[in-house]
Amino acid sequence: MQVTNSILMIRPVNFRMNEQTAVNNYFQEDLSIKNGEINCKAQKEFDDFVTKLRNHGVNVIVVDDKKETDTPDSIFPNNWISFHESGTVCVYPMFAENRRKERREDIFDILEGHGFRIDNVVDYTAAEEEGVFLEGTGSILKDRVNQKAYCALSERADEELFIEFCEDFDCFPVIFTANQTVNGERLPIYHTNVMMAMAETFAVICSDTIDDKKERKNVIDHLKKDGREIISITEEQMYQFAGNMLQVIGADNERFMVMSSAAYNSLDKARIAAIEKHCKIIHSPLDTIETCGGGSARCMMAEVFLPKTLT
């Protein structure tokens with residue numbers, strides 16, 4: 001299965017701009033309002049988003065963040081954990097030291113309480129001691145059907161560790177560098193999933209960010225070979241998080257492409273029609289979360305592919 005009906009989301013209690021991640025997340029911006037107000041706005045956006053997903057039949061498991069850990073980016077759980085059909089949970093090394101506190105073993109118990117089975121945990125976090133990072137499905141885009149994994153290298157996505165992941169999970173690695181312009185300089189985009197989204201029958205990609213023509217051709221060739229329609233977005237649309245989308249399953253097995261309202265509003269009619277040819281769109285306003293957190297709808301959803309416990 002490329003997509004799932006079950007999503008883990010973490011409700012924030014200390015959301016604000018994280019200065020430790022802003023050093024290489026160029027999507028983040030500071031808001032000139034108090035942190036308490038920022039968190040309240042983020043909670044409202046989060047709650048409205050969850051309600052919208054549930055109204056479409058998506059199984060959303062919401063866990064509250066813990067105030068005592070002071071984790072401003074806990075709203076983006078997909079960076080530290082992933083859940084696989086084999087019953088394996090994968091835990092990842094994080095670039096920002098204060099993000100490492102987001103890792104919580106009680107999440108395992110909560111998911112088991114919801115009827116999911118966990119058989120094994122693969123833990124890559126020891127790599128942090130060597131300054132090596134690989135931030136979950138932020139860094140890794142899996143084509144689960146064709147057993148491939150796409151990764152844009154950056155300070156948060158180490159090539160050797162990514163290859164180790166691919167060996168452990170029996171995936172063919174598709175490796176490239178994606179850049180954005182920052183003060184006139186081309187610098188690596190911090191996460192793959194802000195410039196590319198993988199759905200069952202199509203892929204949304206800002207291929208202009210892949211400056212190396214051979215790398216760009218290789219990525220496009222893999223997508224085409226596997227039968228996906230390629231929906232290209234511009235860098236301007238990427239900055240509105242139009243690459244940060246996730247396909248999910250709702251009621252009656254219906255597929256939906258989930259994105260923020262900023263992402264949706266950045267798309268022209270032709271691109272919206274191209275997506276809607278494959279599935280319906282769900283979008284929700286996430287302005288505060290996007291501005292301060294530098295992440296959007298896809299980053300907020302950790303897909304749960306774990307098998308269900310037999311009863």
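Residues are numbered from 1 along each chain as its sequence is written, and side-chain values use heavy atoms, with hydrogens and water left out. Because the model is predicted, local features need pLDDT of at least 70 and side-chain atom pairs count only at pLDDT 80 or more, while totals for chains, interfaces and linings use all residues.

**The cores**

Begin by selecting M195, M196 and M257, which touch the most other members of the 37-residue largest nonpolar core; such a core is a set of buried Ala, Val, Leu, Ile, Met, Phe, Trp, Tyr and Cys residues joined through side-chain atoms within 4.5 Å, where buried means under 20% relative accessible area, with a 1.4 Å probe and protein chains only. Among the elements that each supply at least two residues of this core are β8 (172-176), α5 (213-225) and β15 (255-260), helices (H or I, at least four residues) and strands (E, at least two) being DSSP runs numbered from the N terminus. The most is given by β12, with 4 residues. Next, show what surrounds M196: leaving aside neighbours within four places in sequence, M196 is in contact (heavy atoms within 4.5 Å) with L141, Y150, F176, V204, I205, V219, L223 and G243.

**The aromatic residues**

Now select Y92, Y124, F165 and F169, which form one aromatic cluster. Rings of Phe, Tyr and Trp (its six-membered ring) pair if their centres lie within 6.5 Å, and planes under 30 degrees apart count as stacked, over 60 as edge-to-face and the rest as tilted. The structure holds 5 aromatic pairs; in one of them, the ring centres of Y92 and F165 are 6.3 Å apart and the planes stand at 45°, so this pair is tilted. Y92 lies in the loop between β4 (88-91) and α2 (106-113) and F165 in helix α4 (residues 159-168), so the pair ties together parts that are 73 residues apart in sequence. Y92 is buried, with a relative accessible area of 1%, and F165 is also buried, at 1%.

**The strands**

Finally, select β9 (residues 179-182) and β10 (residues 185-188), antiparallel strands joined by 4 bridges; two strands pair if DSSP finds at least two bridges between them. N179 has P188 in β10 as its bridge partner. β9 and β10 form a hairpin with 2 residues between them, and N183 in the turn has a positive phi of about 50°.

Technical notes: Buried < 20%, exposed > 50% of the residue type's maximum accessible area, 1.4 Å probe, protein only.
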